[in-house]
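Please examine the sequence and the structure shown below. The paragraphs that follow lead through a metal site, a sheet, a helix and the nonpolar cores.

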Amino acid sequence: MKVPVVENVLKLNDEIARLNRRAFQEAKVFVVDLIGSPGCGKTALLEATLEHLRGTIEIGVLVGDPATSRDGQRLARRCAQVVQINTGNGCHLDANQIRQAAARLDLNRLDILFIENVGNLICPVSFDLGQHVKVGMFSVSEGDDKAAKHPHLLLVSSLLLLNKMDLLPHVNFDLEHFHQDVRCLNAAVPLLELSVKHGQIEPWLNWLTCQGQLQQGTSRVA
Amino acid sequence: MHELSIAEALIDLLRRRAGPEAKLVSVGVRIGALQGIDGQCLQFAWQAALSGTNWQDVRLDLESAPWTLHCPACGRTWQPAAAIADQTACPCGPTPATLAGGDELDLLFYEVQTPAASGVGEGVYSSTKGDGP
Ligand SMILES: Nc1nc2c(ncn2[C@@H]2O[C@H](COP(=O)(O)OP(=O)(O)O)[C@@H](O)[C@H]2O)c(=O)[nH]1
Ligand SMILES: [Mg+2]
Ligand SMILES: [Zn+2]
């Protein structure tokens with residue numbers, strides 16, 4: 001006897017994500033899920049962001065890696081509220097891991113919570129964590145075809161970052177081609193070019209400020 | 001692995017839907033092309049996750065759903081050949097296409113053993129107490 005169902009396999013994850021989202025909204029914290037391949041500069045970007053925004057707003061970070069707490073330690077030098085999540089064999093973070101890790105933070109004191117997802121352009125896309133926005137991050141040293149090869153990430157991202165612009169003269173990266181691919185898949189998404197290494201992250205800081213204000217309907221994010 | 005956590009989520013969903021003691025025969029799942037899930041990997045993960053349990057022989061029937069786009073301007077619906085970005089614009093103009101399929105990850109059905117159906121032929125094997133009409 002066949003029993004028809006039609007129910008999303010990740011329904012449980014999505015239910016927990018909904019709880020997370022509610023908790024984040026109640027605490028008035030803007031939550032960003034940062035997705036990019038290993039080494040594209042996610043931790044470096046968060047370090048620089050913490051540095052720039054120090055004293056103006058309160059930031060927390062949940063950072064996922066298969067192993068080690070190295071990124072957690074890097075970030076903890078600049079941020080009081082950091083939780084490292086080790087996923088073992090897991091190639092993404094799920095809503096339940098976020099729920100447990102977020103319970104160790106004082107959400108009410110935060111303005112922005114960054115989630116540095118496990119370095120991977122595929123799996124993290126499918127898992128709703130309760131974030132307000134997903135941000136897709138690339139770097140020029142990965143090659144100009146990575147956006148085209150990961151359409152799902154392109155479709156769900158509210159913002160795209162292209163990092164390591166300082167390396168552009170040294171690598172085979174056709175910037176125009178990359179932009180074309182992005183526009184094909186998602187005509188509306190903003191694409192910001194950064195060089196985290198050289199502190200060139202102003203467009204990102206501006207975007208963050210605008211989003212934080214829009215999301216909260218207040219000017220709590222200065 | 002991604003596929004392993006998908007398999008585990010699926011088993012979880014089935015336990016709640018069908019009950020942990022259900023005599024499952026097969027399970028149907030639809031996977032959209034954008035999900036980045038490899039069918040063989042998922043089969044492997046399914047077996048690994050269920051081996052040694054009451055569901056270890058349950059068959060996993062996978063159905064794939066192609067990446068499908070829809071043009072709101074002219075109503076055209078099409079499927080870009082592979083998951084590549086160069087067939088995502090509609091020839092009719094600049095209106096961006098919307099996603100009409102390919103992000104599915106759905107449990108479609110589960111099949112359970114039907115005691116009554118075994119009355120003819122195979123009844124010898126499966127008729128147990130209380131099974132009769
Ligand atoms: N040249 C260059 N290197 C960068 C830039 N941003 C990050 N990196 C380097 O890229 C490597 C990986 O950075 P990390 O933040 O650990 O990447 P993650 O794995 O995405 O967290 C480090 O050696 C960084 O110093 C950049 O803008 N330009
Ligand atoms: Mg990192
Ligand atoms: Zn059209």
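Donors are N, O and S atoms within 2.8 Å of the metal (3.2 Å for Na, K and Ca); water is not among the atoms, so sites may look incomplete. This is a predicted model, in which local features need pLDDT of at least 70 and side-chain atom pairs count only at pLDDT 80 or more, while totals for chains, interfaces and linings use all residues. Residues are numbered from 1 along each chain as its sequence is written, chains are lettered from A and ligands numbered from 1 in the order in which they are written, and side-chain values use heavy atoms, with hydrogens and water left out.

The magnesium ion (ligand 2) is coordinated at 2.0 to 2.1 Å by A:Thr43 (OG1), A:Asp71 (OD) and A:Glu116 (OE). A:Thr43 belongs to helix H2 (residues 42–53) of chain A and A:Glu116 to strand E5 of chain A, so the pair ties together parts that are 73 residues apart in sequence. Here helices (H or I, at least four residues) and strands (E, at least two) are DSSP runs, numbered from the N terminus. Both A:Thr43 and A:Glu116 are buried, meaning under 20% relative accessible area, with exposed over 50% and partly exposed in between (1.4 Å probe, protein chains only).

Strand E5 of chain A also takes part in a sheet. Seven strands of chain A form this open sheet, in the order E4-E3-E5-E2-E6-E7-E8 and with parallel pairing; two strands pair if DSSP finds at least two bridges between them. E4 and strand E8 (191–193) of chain A stand at the edges, each with a single partner strand, so one side of each is left without a neighbour in the sheet. Strand E2 (residues 30–36) of chain A pairs with E5(A) over five bridges, and A:Phe114 in E5(A) is the bridge partner of A:Val32.

In chain B, helix H1 has 17 residues. Its buried residues include B:Ile6, B:Leu10 and B:Leu14. Just after H1(B), B:Gly19 takes a positive phi of about 95°.

The largest nonpolar core has 46 residues, and those with the most contacts inside it include A:Leu62, A:Leu113, B:Leu14 and B:Trp46. A nonpolar core is a set of buried Ala, Val, Leu, Ile, Met, Phe, Trp, Tyr and Cys residues joined through side-chain atoms within 4.5 Å. H1(B) gives the most to this core, with seven residues. A second, separate core of 31 residues includes A:Ala48, A:Leu53, A:Val135 and A:Trp207. In soluble globular proteins, nonpolar side chains tend to be buried together.

How values were computed:
The expected span of a helix is 1.5 Å times one less than its number of residues.
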